[in-house]
Amino acid sequence: MRVFQTLLRRELGFFLTTLTGYVILSMVMFLIGLSLLTVILAYNGRAMDAPLTEAFYGTPFFWFIVLLACPAITMRSFAHEKSTGTYEALMTTPVSNLQVVLSKFLASWVFYGLMWLPLWGFMAWLGQFFNDPEYLDAGIMGGTALGVMLLGGLFLAIGCLASVATKSQLIAAMLALTLEMVLFMLSFVIELLPDQSGWQAALFGHICLFDHMGDFVRGIIDGGHLVFYITTTGLFLFLTWRLVESRK
Amino acid sequence: MIEVEQLTKRYAGHTALRALSFSVKKGQVVGFLGPNGAGKSTTMRIMSTFMPATSGRVQIAGYDVARKPMEVRKRIGYMPENNPLHLDMRVDEYLRFRAGLKGVSGERLRVRLGEVLELCDLTEVKRKIIGQMSKGFRQRVGVADAILHQPEVIILDEPTIGLDPHQVRLFRKLIISLAREHTVLLSTHILSEVEITCDRILILHGGRILADDSKEDIHRRVGALTHVVAEVAAPWESLSQSLEAMPSVADFKVEDLKHGFLKCHLTAKDAVDLRPLLFEEIKRRGWTLRELTHQQPTLEDLFVQLTDVRPNLKDA
C-alpha cells in the first residue's frame with residue numbers, strides 16, 4: 001500500500017509541478033468558460049426548461065473537453081517513461097505491474113477530476129440566480145459529476161492502453177483519440193437504425209455515450225450505465241496490465 | 001551470489017545471448033567487457049528481472065529471476081543503461097521517491113538518505129533539480145539510487161559512459177568503496193576501467209563469453225600487449241643487436257625518424273616493464289634518449305588477440 005501511495009504521489013506530482021498539467025488545466029478552463037458564456041447567452045431573459053447541468057451538456061464544449069483532455073492527460077503515462085528509460089528503472093524495483101497500472105490510471109483520474117472543479121464552481125454561482133431549486137439540486141449535480149467521472153475513467157483507461165503500446169507520446173495521444181472517436185461515433189449509430197426494436201438497437205443503445213450522459217445530467221443513475229462504464233474501464237485496464245506483463 | 005546457467009536470449013531475427021554461464025561469489029566486483037551488441041545490457045536486463053530470457057536460468061541470492069522476481073528486485077540495485085532519471089525532480093525528492101518504491105521508510109530512510117548523499121558526494125546539491133545537473137552528478141544520483149536500500153547485488157550498466165576523466169576517477173573510487181559491502185557487476189567497453197576496479201573480468205562478444213579472467217590474468221594479457229616506444233639516437237645496427245640481446249624483449253621493430261633518431265616499438269615477455277631495462281641499456285651505451293613511453297593496449301587489441309576479429313568499437 002505504501003508503495004502504491006508513493007507511485008500515486010509521484011504521478012500526481014508530475015501533473016502539478018510541471019507545465020504539462022497546467023497547460024491542460026488552462027485549456028480546459030478556457031473551454032469551460034466558453035461553455036458558461038454560451039449557456040448565459042442562450043438563456044438570457046428566457047425561462048429555464050431543463051436542469052442547468054443539461055444546458056451545460058448541451059453546449060458543444062463538453063465533448064471537446066472530454067475528447068481532447070483525456071488523451072492529453074494519459075499520453076505520457078507509460079510512453080514518456082519508456083522513451084526516457086525510467087520505465088526500466090521503475091520495473092526493476094519491487095513494485096507489481098498492477099500497482100504501476102493502477103497508480104498511473106488513478107493519478108490521471110484524480111487530475112481529471114481536479115480539471116472539472118471550475119465547472120462546479122460556475123454551476124453553484126449560476127444556481128444562486130434560480131428561484132426553482134429543481135434545476136440545480138444535489139442529485140442533479142451528483143449525477144452529472146458521476147457521469148463525467150465515469151466517462152473520463154473509460155477514456156483515461158483507453159488512453160493508458162494507448163500509452164503502454166508505444167514509446168511515442170504523440171502516437172499514444174493519436175491512438176487514444178482515435179479509439180475515443182470510434183466510441184463517440186458508434187454512439188450515433190442508434191439514430192441511424194431503421195428498426196429500433198432489434199438486437200442491434202439494443203446493443204447500440206447500450207453503448208450510446210449520449211444516452212448515458214443524457215441521463216446523468218438529469219440526475220438519473222441507471223444501473224445499466226454503471227455496468228457499462230465499470231466493465232469497459234475494467235477491460236481496458238486489464239488489457240493495459242496484460243501489455244505491461246508481456247514485456248519482452 | 002549470482003548463478004547464470006545456459007542463458008539464451010533470442011529476439012526476432014537474431015540471438016543476443018548464446019548459452020551464457022557464469023557465477024559470481026559474494027563480494028566480488030565483476031566487469032562485463034565487450035563492444036556494443038556483445039550482450040552486456042541484455043544479460044543485465046535479464047538479471048534485473050526487466051526482461052525474460054528465452055531459455056536458461058539466473059539465480060540471484062538464491063532466488064530465480066523468472067520465478068521470484070519480487071524477491072530478486074528487493075536484493076538488487078540496478079542502474080540501467082544511460083542512467084534514466086526523472087529530470088523534473090530534485091535529488092533528495094527523487095531518492096525519497098525511489099526509497100518509497102524499494103520499501104525504505106521512516107528512520108531507516110532518514111539515515112540511509114544521509115549516508116548515500118554523503119557517499120556519493122551529493123549532500124550539497126540535494127536540493128538541485130536533476131535536469132539542471134551535469135552528467136557526472138546525475139551519474140552519482142543513479143548510483144545513490146542503486147545502493148539506497150543496501151542491496152546485496154549492485155548492477156551498473158555502463159556507469160562511466162560520457163564522464164570526463166576527472167569524474168571517471170571519482171567514480172572508480174566510489175565503486176571500489178562499494179565493493180567492501182556489496183557484490184558489484186558493471187559493464188563497460190573501456191579496458192583500463194575494469195583493470196582498476198574489478199577483481200574479475202568477463203569478456204563478452206557476440207553473446208558468448210570469450211574470456212573469464214581474474215584481475216591478474218587480465219594484467220598478464222594486457223601486459224603482453226603493452227608496447228614500449230622509445231626514440232633513441234643510436235646506430236641502427238648496434239641498437240638492433242642490443243635489443244636482440246635483451247632477454248625480456250619478445251619482439252621489436254625499429255624505424256628511422258631521420259635527424260639521427262630511431263624509433264623502436266618493443267613488446268615484453270611475461271608482462272615485464274621494459275622501460276627501466278631499456279633506459280639502463282641506453283645509458284650504458286651512452287646514447288641519447290628523447291622519448292620513452294609505454295602504450296596501453298586498447299580493448300580492440302585485446303579482442304584481436306582473443307579472437308582474431310576486429311569488432312566495431314566506433315559506436316560502443
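How many residues does helix H4 of chain B have, and how far does this helix reach from its first C-alpha to its last? Helix H4 of chain B, residues 106-119, has 14 residues and reaches 20 Å, close to the 20 Å expected at 1.5 Å a residue. Please keep in mind that this is a predicted model.

**Helix H4 of chain B**

- Three residues of H4(B) are buried: B:Leu113, B:Val116 and B:Leu117.
- Looking down the axis of H4(B), you will see these buried residues within an arc of 100°, so they line one face of the helix.
- An α-helix has 3.6 residues a turn, so residues three or four places apart point the same way.
- The other side of H4(B) holds exposed residues, namely B:Glu107, B:Val111, B:Gly114 and B:Glu118.

**Around the helix**

- Helix H3 (91-101) and helix H5 (135-147) of chain B are among the elements that cover the buried residues of H4(B).

**Where chains A and B touch**

- Chain A brings 19 residues to the contact, and chain B brings 21 residues.
- On the side of chain A that touches chain B, helix H1 (2-17) and helix H5 (86-90) of chain A each supply at least two residues.
- H1(A) gives the most to this side of chain A, with six residues.
- By type, the residues on the side of chain A that touches chain B are six nonpolar, eight polar and five charged.

Conventions. Residues numbered from 1 in each chain as written. Chains lettered and ligands numbered in written order. Predicted model: local features only at pLDDT ≥ 70, side-chain atom pairs only at ≥ 80, totals over all residues. Helix = DSSP H or I, 4+ residues; strand = E, 2+ residues; numbered from the N terminus. Expected span 1.5 Å × (residues − 1). Buried ≥ 20, exposed ≤ 12 C-beta atoms within 10 Å, placed from the backbone. Arc of directions from axis to C-beta. Contact = placed C-beta atoms within 7 Å. Nonpolar A, V, L, I, M, F, W, Y, C, P; charged D, E, K, R; others polar.
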